[in-house]
Amino acid sequence: MTSSTTDFLATGQRVIRREAEALAMLADGLDGAFSAAVDLILRAEGRVIVSGMGKSGHVARKIAATFASTGTPAQFVHPAEASHGDLGMVMRGDVALVLSNSGETPELADIVAHTRRFDIPLIGVAGRAESTLLKQADVALLLPPAPEACETGIVPTTSTTMTLALGDALAIALMEHRAFTPDQFRVFHPGGKLGARLSRVRDLMHAEAPLIAHDAPMSEALLTMSAKGFGVVGVTDGEGYLQGIITDGDLRRHMAGLLDLSAGDVMTAAPRTIGPEALAEKAVRIMNDKKITCLFVVDPEGSQTVTGLLHIHDCLRAGIA
């Protein structure tokens, strides 16, 4: 390892440790103002309007997106654009969350004045207790006096990390208070790997499962297996409850005199099943663990009434692997 490489590594470690120390200071310094901010947002009839300029603006966009995806309606408003007409987006019933490390960012003046004029609750986040922003705010969230990660102390690094973490803390506090569920989360994340992982079995299963009666001849079982193309057929009793399944392996084990047997003679009893509300990811785990390719979906109340069939290929097509 060269000396320059060693220097780079040392710099990286110093930056991360400095920011980690700042986050610990932030956590230890949270007080009643944080709870007041959460309560203010919960009481708002409208949206959380998040605003900031420069690096604080980038953080504000992320915070607004996190709020919106976890059950708290939110929108980012650029403070400079607000001064040229976008103040119309900030209405009575909203609550404003305004970010500025110095608390003196000139571009924020109009949006802060707008909240005061129309009695819109204002939550300010800044690093100076005596700043204009925090003095004007209904709830002031003061960042601790942690140094920036750079040696010059001028690059927004530690301060923006703390602001971002504070936004996450607000979002999660709101989310947990509202008992926001994975199903609700999936509504806002239908695409990508995350949406796939939160899919339910009922979202992917085939409603028309291949089924035959317990006393059906194996000739009928073979026709049903071939017609449906899943390589499996479910065997039901007189009440229509799942008793067993017949797979290609069962066919090979009963090749001698197969057509003289009934479905009940050939089936594997008490197969693994899954409920329609289970996560599809759980179904994949079961199929991988048991080295099977299908799961019959049954009534979750324990009646073993078949409601569908889930094949591993359905999960793979949905991006669950």
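**Entry 1: α2 against α7**

I began with helix α2 (residues 32–43) and helix α7 (residues 158–177), whose axes come within 10 Å and cross at roughly 55°. That makes α2 oblique to α7; angles under 35 degrees count as roughly parallel, over 145 as roughly antiparallel, 65 to 115 as roughly perpendicular and the rest as oblique. I note for myself that axes are lines fitted to C-alpha atoms, for helices over the stretch in contact, with angles running from 0 to 180 degrees between N-to-C directions. Helices (H or I, at least four residues) and strands (E, at least two) are DSSP runs, numbered from the N terminus.

This is a predicted model, in which local features need pLDDT of at least 70 and side-chain atom pairs count only at pLDDT 80 or more, while totals for chains, interfaces and linings use all residues. Residues are numbered from 1 along each chain as its sequence is written, and side-chain values use heavy atoms, with hydrogens and water left out.

On the α2 side, F34, A37, V38, I41 and L42 make the contact, and on the α7 side L166, A169, L170, A173, L174 and H177 do; contact means heavy atoms within 4.5 Å. I sorted these residues into 10 nonpolar, one polar and no charged. Here Ala, Val, Leu, Ile, Met, Phe, Trp, Tyr, Cys and Pro count as nonpolar, Asp, Glu, Lys and Arg as charged, and the others, Gly among them, as polar.

**Entry 2: α3 against α7**

Next I looked at α3 and α7, which pack at an angle of about 15° with their axes 10 Å apart. That makes α3 roughly parallel to α7, and this crossing is right-handed. From α3, I listed K55, V59, K62, I63, T66 and F67; they meet T160, T163, L164, G167, D168, L170, A171 and L174 in α7. By class I have seven nonpolar, four polar and three charged residues in this contact.

**Entry 3**

I then followed β1 (residues 48–52), which pairs with β2 over three bridges in the parallel sense; I49 stands opposite Q75 in β2.

**Entry 4: the three-stranded sheet**

My last stop was another open sheet, with the order β10-β11-β12 and mixed pairing. β10 (273–274) and β12 (306–311) are at its edges with a single partner strand each, so one side of each is left without a neighbour in the sheet. Strand β11 (residues 294–298) runs antiparallel to β12, joined by five bridges, and V298 has V306 in β12 as its bridge partner. Helix α14 (residues 280–290) lies across β10, β11 and β12, at about 130° to β11.

Technical notes:
Two strands pair if DSSP finds at least two bridges between them. A crossing is left-handed if the near helix is turned anticlockwise from the far one by less than a right angle, and right-handed if clockwise.
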